[in-house]
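Welcome! Please have a look at the sequence and the model below, and then we can walk through a few parts of it together.

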Amino acid sequence: MPFMNKTALARAAAACAALSSLVFASTAARACEDCDDAATVAAPLLANATAQAEPATTPAPHSKLGLVRVRGAAPASLPTNIPTTRETVTREDIDRSVNATDSEDALKYLPSLLVRKRYIGDYNHAILSSRASGTGNSARSAVYADGMLLSNYLGNGVGGLSFPPRWGLVTPEEIERVDVMYGPFSAAYAGNSVGAVVDYQTRMPTTFEAHAKLGYTAQPSELYGNKATYRAWAASASVGSREGAWSWWLNVNHTDSDGQPLTFATRLAATATTGAVGTPVTGAVAGLNNANQAWTLIGSGTQYNTQQDHLKIKLAYEINPTVRASYVFGAWRNDSDGNSASWLRDAAGNPVYKGATDPATKKEFILIDGKQFAGPTGGDFALTREKLLHVMHGISVKSHAGGEWDWELAASLYDYQKDDKRQNAATNPQPGAWTGGAGTLADGSGTGWNTLAVKGIWRPAGTAHVVDLGVQQDSYKFSYLTSSIAGNYLTDGPGALAGNVQGKTRLQAAYAQDAWLLSTDWKAVIGLRAEHWQAFDGRTDFSATGTPPSIAYPSRSENFLSPKAALSWQATVETVLKASVGRAVRMPTVSELYGATSTTNSQYINDPNLRPEKSWTTELSAEQGWGALQSRVTLFAETTHDSLYSQSILDPVLNKNVSRVQNIDKIGTTGLEATLGATDWLAKGLDLSGSVTYTDSKIKANAGFVATPGDTIGKWQPNIPRWRATALASYRFNEQWSASLAARYGGRQYRTLNNADVNGFAYQGVSRYATADVRVLWKIDRQWSAAFGIDNLNNYRYWNFHNYPQRSYSAELKFDL
């Protein structure tokens, strides 16, 4: 089957050609660098053959096949041989080119990646998307830090407890480097790697060092006629050293962030009546919703003030010259207030948070331009108060002798020690809700996951093989109890049961992957992953008076095999061709199976019989050096059966969003990704990088539907744009001054499975975007540096259900000892 039609391929090729005239240095040029004290070495057989075959005058290739092995002692999730496309960003790259306020910002300019970050410190919606996985699919990527899992596979997407990676457990100041591997081509990873694997390596000092940083950001914002400036500041300090066999690292960070309002209370024009009873109001804003239906916006909500604290302690001990033991402790605390405000005013100019009661119907109404609408409730203008404390432990013992055998034992634990969310009830509107009244308390404490792994690397003597093998166990526990509070929702303990979701899953796996150097010019990587998946202790309590009041679900277990294969050919000194294929099985998460929670304005209905996603992904790549330039072109294709999607629709009668997870029978994706870049191109100090991606991702078969049978067939997969691009230029004027200019583009996309959201530039829509960022770095002396940056320089207003930040100004001051 062809990857795409001729017209699409021609357009993609034209875009790649246009990009080559603009930009810019692929971070893939640094992809073979290793972290910490790692060294990349070729097998002796290859080294001898290369030395004999190549005369001294032969130019060094940009890419060279070999049996690469990462000999670093630090914990990492990386396998020794990477059978797929890989991109890298280093600490120096981030410092010079990225206005990094959160750890996910390090990924900002990498090909085909987008993190849905809506404000500084976004802890509940910052989901990573990749080539064929959108910003609603958090379970289709894998994020690690120092070998520990940060991705949250308790759920997928948002809803109730939200499930983005735990970005807050890594600060930008800790990052040494970030590696990204595209696709499910390594047997070392579960099926969640189908989109991408992101591996953060954080700092571990070899001598005494200390660092401090202050950062400030301001975002003037204007939307729907409302103006305000939202500010954030952060302070970070770290210290570490190595003394003999011991090394240690301590990092603390505090963030205080005010984000822009993210939700809006609305009334569809079609729901207006001609009744005369109601409070006459002004201040409403007329507009069109994402389906181009007329509606009226009456106020804003979900305006977060979040105060977050981060603590990281890392210890390492060299048991002997080839074995290191490591321990990591991380703690993340978040106090977050979500506020709302009515734009409606009565005749006296007072804010309106409820309407006048109709004696006949006992319902409340407001009058907007003489038309009668349902009056506001506490659900329209919710107040939320969240207090979270999450802790993480990780321990590993790893050998790094580089001989015939190396091994690693690793374990990690992530624990929701406290996860409380308080919210006023629909019957408890403002202003009374500011001081108490009825509401709910959602408690996620006791939720979390743990991982165990035993890994080995076998390098059979006298052969051209390196074998990665291991066994793993990942266990997840979900517990989410919602109770009603009749008295004071801000301070009272749990009341009557409103809903309770519990469940566990466990994934046990064994894998082996052989990297085989067939000759000096050919390398094959063949792997197999065997998995045993279980779901058990599932239970849903709907309410104390529900019918039925509760359901206990039977246990489930299934077994799967996922083969992987890759072949690389060093066609010329400057050319490498690669082909990869892999199967991935993405298991349903606990909340997808058992979640049946509800809040004031939304419901989430579970299906305990969901099938796992099953994907086949292929990739063909050509990497080419052109003197100072580096380029890569990759054709990719993915076919996914039983894709898991949560689809929300608004019930105008209930005035509630109703969501359910369902299996989509088949989704097909094909595309092309191209990168181009150079270091010191045209002028010393000028580094350039860029990428362009074309994707065709559509629903091929689906027994379900959104509104009418068949309305999703042939529609675009949600949150996957057809075109996206990145460009980054940085210039080092001298040892003290450097500057960078970057741009990002994402094309038209949809949020709904039936693509009914045709208006992307509206609340709940998904729009295209084209933004530019700038950063200037001044190294004052050896210890002090300062930076100034602007994100969204062109002040582009764009949406992904919620509105993204507008133009933001940032400044930072750093001290390094």
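Let us start with strand 8, residues 175-182, which is mostly covered: seven of its eight residues are buried. Bear in mind as you read that this is a predicted model.

Which strands pair with strand 8? Strand 3 (residues 86-90) runs antiparallel to strand 8 and is joined to it by five bridges. In that pairing, T88 stands opposite D179 of strand 8. Strand 9, residues 196-202, also pairs with strand 8 in the antiparallel sense, over seven bridges. There, Y182 has A196 of strand 9 standing opposite.

## The chain as a whole

Stepping back, the protein chain has four helices and 43 strands. Of its 817 residues, 58% are buried. If you look at contacts with a separation of 6 or more, 70% of them come from residues 24 or more positions apart.

The accessible surface of the protein chain comes to about 31,400 Å², and carbon and sulfur atoms hold 60% of that area.

S808 belongs to strand 43, which covers residues 808-816. Is S808 buried or exposed? Its relative accessible area is 12%, and the cut-off for buried is under 20%, so S808 counts as buried. The side chain of S808 reaches the backbone oxygen of Q806 at 2.9 Å. Leaving aside residues up to four places away in sequence, S808 touches T217, A218, Q219, G789, I790 and D791.

T229 is found in strand 11 (residues 226-243). With 34% relative accessibility, T229 counts as partly exposed, because that class lies between the 20% and 50% cut-offs. Again leaving out residues up to four places away in sequence, T229 touches A218, Q219 and P220. A218 and T229 are 11 residues apart in sequence, with 6.7 Å between their C-alpha atoms.

## A nonpolar patch

Which residues make the nonpolar surface patch of about 520 Å²? They are W516, L518, W522, L567, W569 and L577.

One of them, W569, lies in strand 29, which spans residues 556-572. Its relative accessibility is 32%, so W569 counts as partly exposed.

How values were computed: Residues are numbered from 1 along each chain as its sequence is written. This is a predicted model: local features need pLDDT of at least 70, side-chain atom pairs count only at pLDDT 80 or more; totals for chains, interfaces and linings use all residues. Side-chain values use heavy atoms; hydrogens and water are left out. Helices (H or I, at least four residues) and strands (E, at least two) are DSSP runs, numbered from the N terminus. Buried means under 20% relative accessible area, exposed over 50%, partly exposed in between (1.4 Å probe, protein chains only). A polar contact is a pair of N or O atoms within 3.5 Å; within protein, one must be able to donate a hydrogen and the other to accept it, and residues adjacent in sequence count only if both atoms are side-chain atoms. Contact means heavy atoms within 4.5 Å. Accessible areas come from the Shrake-Rupley method with a 1.4 Å probe; for residues, only the protein chains shown count as cover. Patches are made of residues with over 30% relative accessible area and no salt bridge: like charges are joined within 9 Å, nonpolar side chains (Val, Leu, Ile, Met, Phe, Trp, Tyr) within 5 Å. A salt bridge is a side-chain nitrogen of Lys or Arg within 4 Å of a carboxyl oxygen of Asp or Glu. Two strands pair if DSSP finds at least two bridges between them.
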